[in-house]
Each structure stands twice: as C-alpha cells, then as structure tokens.
Amino acid sequence: MMQGRGVKQGPLPGSPGAIFRGMALLGRGRRDGMNCFGATADSVLTALAPRVALWLVGSLLTLAHAPTAINGTKILLSLCLVLAPTLVTHQLAQLWGRQALWPRYITAALWCDWLVLFIMLGTVAVLGTVLGMALPRGIGAIGAGVILNGVVIVYNLWLTWFVARVGLALGAWRAVLLVLAIVAVFLALSELSVVLPPHYAPWQDFLAMPPPESR
C-alpha cells in the first residue's frame with residue numbers, strides 16, 4: 001500500500017512560493033521560515049540580483065538626469081551599502097565558525113530586506129494619515145514621518161537581529177553584535193562620504209532636508 005498519498009507538500013526551498021512564505025514567517029518571528037530558503041551560492045546570487053539590478057537602474061537614471069560628481073558619490077556609496085551587509089556578515093560567520101550556515105542565512109536576510117520595504121509602503125498611507133490627524137496641527141506631517149521612520153527602523157533592526165540569530169545559530173548577544181557591526185559600517189561609509197570630496201551628506205537625502213546653503 002502506498003504511503004503518504006494525499007499529503008500536501010509545501011513549496012520547495014528556494015522557490016518563489018517558499019521565499020514569500022519564509023519572509024512572512026521570519027517577519028512574524030517564526031524560526032521555521034529559515035527552512036524556506038536555499039543554501040547554495042546560486043541562492044545567494046539570486047537574492048542579491050534584484051538589489052544590484054535596482055541599483056544599476058537607479059544609477060543610470062541618476063547619471064542621465066545629472067552626471068555630477070555628487071551623484072557619482074551617491075551611486076558609489078549606495079553600491080557599498082548594498083554589498084556591505086553581505087561582506088560584514090560573511091567575515092563574522094567565518095570568525096564564529098558559522099561558514100556552513102552563512103549561505104542560507106544571507107539569502108534569507110537579503111529577501112527579508114524587501115519585507116521591511118513592503119511594510120513601510122503599506123503603513124505609510126494608513127498610519128501616516130491617522131497620525132497626521134491625531135497629532136497637533138503644525139507638527140502633524142513631521143511628527144507622523146518621524147514616528148513612522150522610527151517604527152520601520154526599529155522593526156528592521158529587530159528583523160536583522162532575529163534572522164541572524166536563527167540563520168547563524170547565534171546567541172542573543174552575538175546577534176546584537178552582528179547588527180551593531182552592520183550599522184557601524186553604514187555609519188562609517190556615510191561619514192566617509194561627508195569627509196571626502198565632493199562632501200556628500202546622505203542623511204540630508206534620508207531626512208529630505210535641504211542643504212544648509214539653500215535655507
């Protein structure tokens with residue numbers, strides 16, 4: 001007699017259906033979401049490809065619009081920020097003896113970055129309107145933006161920590177150290193772009209603030 005007939009099989013790890021399922025599970029704090037991702041070099045490259053493609057398209061559009069030195073710095077910095085988490089976590093995985101776990105971990109981490117973007121876009125329209133009406137007039141829009149950015153940043157940090165802890169089998173404090181290392185590299189690269197010519201300050205773009213000379 002045949003066994004297992006009628007048992008519904010889930011999507012294969014690394015397939016589009018499994019990736020979306022894994023993102024949803026990890027995004028809710030479910031450890032089993034890690035099993036939905038592939039653990040090969042091809043899986044890593046597939047997860048990295050959309051980010052690089054988006055960077056390339058954005059770079060070409062930016063240069064076509066205004067081929068200036070400041071935009072060249074923006075493009076170079078954005079590429080460094082895209083690749084930095086992959087390089088930093090790979091070094092830490094080697095240091096902690098987690099090389100075998102790294103491919104599946106970084107694949108999950110790269111895909112889950114899109115989850116943060118989806119959540120941000122989904123909440124801005126709803127919560128932005130609610131907060132803008134609830135906060136005092138005059139600071140409604142600014143206050144709503146600050147609150148929403150804060151919520152997204154906190155969730156992003158938590159998700160980065162959780163995926164690292166599950167994917168690399170880390171303790172809580174080592175996962176915190178990994179998150180801090182990524183943040184430190186981001187801050188160092190951003191500060192370097194301010195110090196070196198043409199002195200691009202990425203935080204002005206992030207906060208949508210005009211440069212001092214235009215105020």
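A polar contact is a pair of N or O atoms within 3.5 Å; within protein, one must be able to donate a hydrogen and the other to accept it, and residues adjacent in sequence count only if both atoms are side-chain atoms. The model is predicted: local features need pLDDT of at least 70, side-chain atom pairs count only at pLDDT 80 or more, and totals for chains, interfaces and linings use all residues. Residues are numbered from 1 along each chain as its sequence is written, and side-chain values use heavy atoms, without hydrogens and water.

Asn-71 sits in helix H3 (residues 69–95); helices are DSSP runs of H or I with at least four residues, numbered from the N terminus. A polar atom of the Asn-71 side chain lies 2.6 Å from the backbone oxygen of Ala-66. Asn-71 is buried, at 10% relative accessible area (buried: under 20%, 1.4 Å probe, protein chains only). Leaving aside neighbours within four places in sequence, Asn-71 is in contact (heavy atoms within 4.5 Å) with Thr-62 and Ala-66.

H3 also meets helix H6 (residues 172–195). The two axes, lines fitted to C-alpha atoms over the stretch in contact, come within 10 Å and cross at roughly 155°. Angles run from 0 to 180 degrees between N-to-C directions. H3 and H6 are therefore roughly antiparallel (over 145 degrees). Residues making the contact include Leu-77, Leu-81 and Val-88 of H3 and Ile-182, Val-185 and Phe-186 of H6.

The unreviewed UniProt entry annotates residues 108–135, 141–163 and 175–196 as "transmembrane region"; such annotations may be inferred rather than shown by experiment, and positions follow the numbering used here, with feature names shortened. Residues 175–196 are 95% helix and 0% strand, with end C-alpha atoms 32 Å apart.

Conventions:
Helices (H or I, at least four residues) and strands (E, at least two) are DSSP runs, numbered from the N terminus. Buried means under 20% relative accessible area, exposed over 50%, partly exposed in between (1.4 Å probe, protein chains only). Angles under 35 degrees count as roughly parallel, over 145 as roughly antiparallel, 65 to 115 as roughly perpendicular and the rest as oblique.
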